[in-house]
Amino acid sequence: MAETSAENLKTTPLFERHQAAGGRMVPFGGYSLPVQYPSGIMAEHKWTREQAGLFDVSHMGPSFLVLDNPSGNAEADHAAISAVIEPLISSDIAGLKPGQIRYSLLLNDNGGVLDDLMVARSPLVAGGLYIVVNAGTKDADFARIEAAAVGKARLIRADSNYALLALQGPEAVNVMAQIAPGATDLGFMTYNAFDWGSDKIVVSRCGYTGEDGFEILVVSRDAVALWDALLADPRVKPVGLGARDSLRLEAGLPLYGHDLDETVSPVEADLGFAISKRRREVGDFPGAARILAERENGPSRIRIGLIVEGAPAREGAEILDASGNAIGVVTSGGFAPSLGKAIALGFVPPAHSTQGSKLQVSVRGRAQPAEVVPTPFVPHRYFRKAKAS
Amino acid sequence: MTTKFTPDHEYIRVEGSTGIVGITNYAQEALGDIVFVELPSVGKVLKKGDEAAVVESVKAASEIYAPVAGTVTEVNEALSSEPGLINADPEAGGWIYKIAISNAGELDGLLDAAGYADLTK
């Protein structure tokens, strides 16, 4: 990512808190954010896996898409708002129940991924969607959604008057019980609004670490008080962007701009699950011709996980076959604190993608052994409610 | 025994004609948790400024340059299994390699403790 000059950097409502806590501030997605606190990436990573880490992710792009003229009939209004967003993305939004969140992909006409995003059906507002997109792509994403919504719906950005916090880890649920007890009833990938401070907070049971946890949208004026209230719990420590990256890498979750970009298709990225069955059967999403053909015949490259022996293979490192021929490239790589070894995500031809394949990575001109392994590298521990029978 | 410093945050502790090279406390704090160290091979001949080793933190790789010219005589093998020694004890147990100094005159071009302290103020 290009570095933005310090003068142009935006700050989040928690900027002073990060500075006071000794956060090492770096430019990220146009914002000044802490890459780590004095405890360091390793300790912050492990704390999140064992207790609860608190992240400031206010650089992300939360928004609400609402119908201009709702009928008041919840199902009809949901169908109408789904018809606005579905032509841009890969998912079945019409089929969502109130409060349900879906991981989806914003696609271009060539079937490339313009962004990965969360789209949720409002549990409160008929014909309302809650949409969260990535920081680096949010202006383009929002423009694209607004263009599709003209005359039908309006997009309300919530990225400048709200803060977005993520509370992640096995203790997150016990901490939330003190803040918004109702939120502990949420199942994985659902959300609702709860009273807190001077307004409501919007709490989603999801995250980017592989752990159980929550993302909390809070109005800016309440953000510092909520941050402080969460940190008052001894099970909670602040965690910076460095550990956010190592946690998501261990969880095998792709990072937009690195593992995903507008040339990569969902099939290549091994995100076929993000193309809903109904959409697939109708073939009515951007780039359907390419994506459906790749599903049928296989893509020319596919995202894999690697365990690397020796030095970490970073983004851009070449992936070699056993005889040393270049076959692909690492798109995210680093040290996995929970595993004590180096791991990577990258793309190779499907013939080399079988679990257990012995490959190599080139680090500083030397070939090191690397083995294809299933992802996630560290098992997900999401809170899935048993389905009512 | 004197210790000299580079603006790139290496130190070289001079014992006779041998230099013991590592990174400063300031450098290890800036890098954060060291998770891997690539050591030079013994016998490697280095010019001043050559890349001699690489230390990797969770986030990034950083090259360690030779403060002066010479030949690598010994490496700190303990770092292979315990790279965190650089964080815990950078200027003693976390040394990286020893070098037979080929031109002691090059030491004069390096910073002394006071000069380095000024740089990192």
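Here is a short tour of chain A, stop by stop.

Before you click, know that this is a predicted model: local features need pLDDT of at least 70, side-chain atom pairs count only at pLDDT 80 or more, and totals for chains, interfaces and linings use all residues. Residues are numbered from 1 along each chain as its sequence is written, while chains are lettered from A and ligands numbered from 1 in the order in which they are written.

**Stop 1: the domains.** Colour chain A by domain: domain 1 (6-57 + 160-250), domain 2 (61-121 + 133-141) and domain 3 (300-373). These bounds come from an automatic or database domain assignment. The centres of domains 2 and 3 of chain A, taken over C-alpha atoms, sit 34 Å apart.

**Stop 2: the barrel.** Now show the strands (DSSP runs of E, at least two residues, numbered from the N terminus). In chain A, six of them close into an antiparallel barrel, in the order β14-β17-β16-β15-β18-β19. Strands count as paired if DSSP finds at least two bridges between them. Select β16 (residues 326-336) of chain A: seven bridges tie it to β17(A). One to click on is A:V330, whose bridge partner in β17(A) is A:G346.

**Stop 3: a loop residue.** Where is A:H352? Look in the loop between β17 (341-348) and β18 (358-363) of chain A. A:H352 counts as partly exposed because it has 19 C-beta neighbours inside 10 Å; 20 or more would be buried, 12 or fewer exposed, with C-beta atoms placed from the backbone. Finally, select A:E171: its C-alpha atom is 39 Å from that of A:H352, and the two are 181 residues apart along the chain.

Conventions. Helices (H or I, at least four residues) and strands (E, at least two) are DSSP runs, numbered from the N terminus.
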